[in-house]
Amino acid sequence: IAGAGMVGSLLAAALKDLPLDILLIDSAPVTPPAADAPYEPRVSAISRASENMFHHVGAWDRVTAVRYSPYTRMEVREEEGGAELVFNAGDVGESHLGCLVENRLMQWALTSAALDNPRARLLAPARVVGLERYATHWEVLLDSGDRIKAGLVVGADGAQSAVRRLAPVSMQAWDYRQKAIVCTVRTEKMHGASARQIFLKTGPLALLPLPDPNLCSIVWSAAHDRADQLMRMDDAGFLLALGQAFGDTLGRMEWVDRRHAFPLVARHAERYALPGLVLIGDAAHNIHPLAGQGVNLGFLDAAVLAEEIGRGLDRGLPPGHQAVLGRYARRRRGHNALIMHSMTG
């Protein structure tokens, strides 16, 4: 598995009860987070389905032992007009709608769960720099010069996937002509375990609750010119602009940490699978972050691939068999395409 990020590590953890030798390869070591460390700028909204996957592989207790933020309410509104949607967990008989968790914490929890398996190991730092296809296997060339034979190669190495490029598999791409700004802010009023989003003329702005009742992670998607303008502002100017855009629901915006910006481009692999090679997560698809579905789609990829590999083994088929990977691709590509086009719309 090239990529020991959240999705690749979930796949490795989901395979740990199967008679397989698993090698996770990543460009950076996976380190445990400190409970008192500043919040990471990259935070994901985890669906209840994804939370159940974490429970299944033994990773959720590792997350909750550090920090996480369940949210019980979602508010979605528009900048102009009075349209508003409100979702409450109690209305559907649930304790919460989902959880906000820092990406690095999830990665550590899932990688740790995967490495509970004595037949799994992590090789990091290491990079895949070459792939060669043989009749019965792939040979993976690492930047160290080492060569590894594998019956199945999984590309879980992100949007700039080396596995996808080397296979090669072509991509469709749609430029949203926006950038996303992410950071942590402190608000005057408590967030009340509510996730909030407002649709502005220049793009959606989300404030997502963190474990501290007055801290939120923001994802502000804006047209390039507006995003560049926001990134050039000093902290006081940025907080003023944020307050003007969001309104006074949470009172005054009091503090912001370092801002990060990245361009928003939707991508979708033309194929998810070749004989003995498969793509999952961001290596296969990227979508707009407005509904927080990207990593949840990746987790579903990992769960379905693990299920199909287990089903194939029961039928005497190796993990890289075309029938196994074909079933995974048929189950996931259409669903991911539907969500991608919905987000684009």
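A cavity is a set of grid points where a 1.4 Å probe fits but cannot get out, and its lining residues have an atom within 4 Å of a point. This structure is a predicted model. It holds one cavity of 30 Å³ or more. About 60 Å³ of space lies in the largest cavity.

Which residues line the largest cavity? They are P33, A34, A37, P38, E40, V66, R67, E102, R104 and L105. By class, this lining has six nonpolar and four charged residues. No polar residue takes part in it.

## An open pocket

Now to the second largest pocket. Its volume is about 480 Å³. Its lining counts 27 residues. Nearest the centre of this pocket lie D21, I22, L23, A150 and L152.

Which strands each supply at least two residues of this lining? They are β1 (22-25), β7 (120-123), β8 (128-133), β10 (147-150) and β11 (153-155). Sorted by class, the lining of the second largest pocket has 21 nonpolar residues.

## A helix and what follows

Helix α8 covers residues 294-314, which makes 21 residues. How far apart should its ends be? At 1.5 Å a residue, α8 should span 30 Å. The expected span is 1.5 Å times one less than the number of residues.

Just after α8 comes G316. This residue takes a positive phi of about 85°.

Technical notes
Residues are numbered from 1 along each chain as its sequence is written. This is a predicted model: local features need pLDDT of at least 70, side-chain atom pairs count only at pLDDT 80 or more; totals for chains, interfaces and linings use all residues. Side-chain values use heavy atoms; hydrogens and water are left out. On a 1 Å grid over the protein atoms alone, a cavity is a set of points where a 1.4 Å probe fits but cannot get out, and a pocket is an open set with protein on both sides within 12 Å along at least five of seven lines; lining residues have an atom within 4 Å of a point. Grid points are joined across faces, edges and corners, and a volume is the space filled by probe spheres set on the points. Ala, Val, Leu, Ile, Met, Phe, Trp, Tyr, Cys and Pro count as nonpolar, Asp, Glu, Lys and Arg as charged, and the others, Gly among them, as polar. Helices (H or I, at least four residues) and strands (E, at least two) are DSSP runs, numbered from the N terminus.
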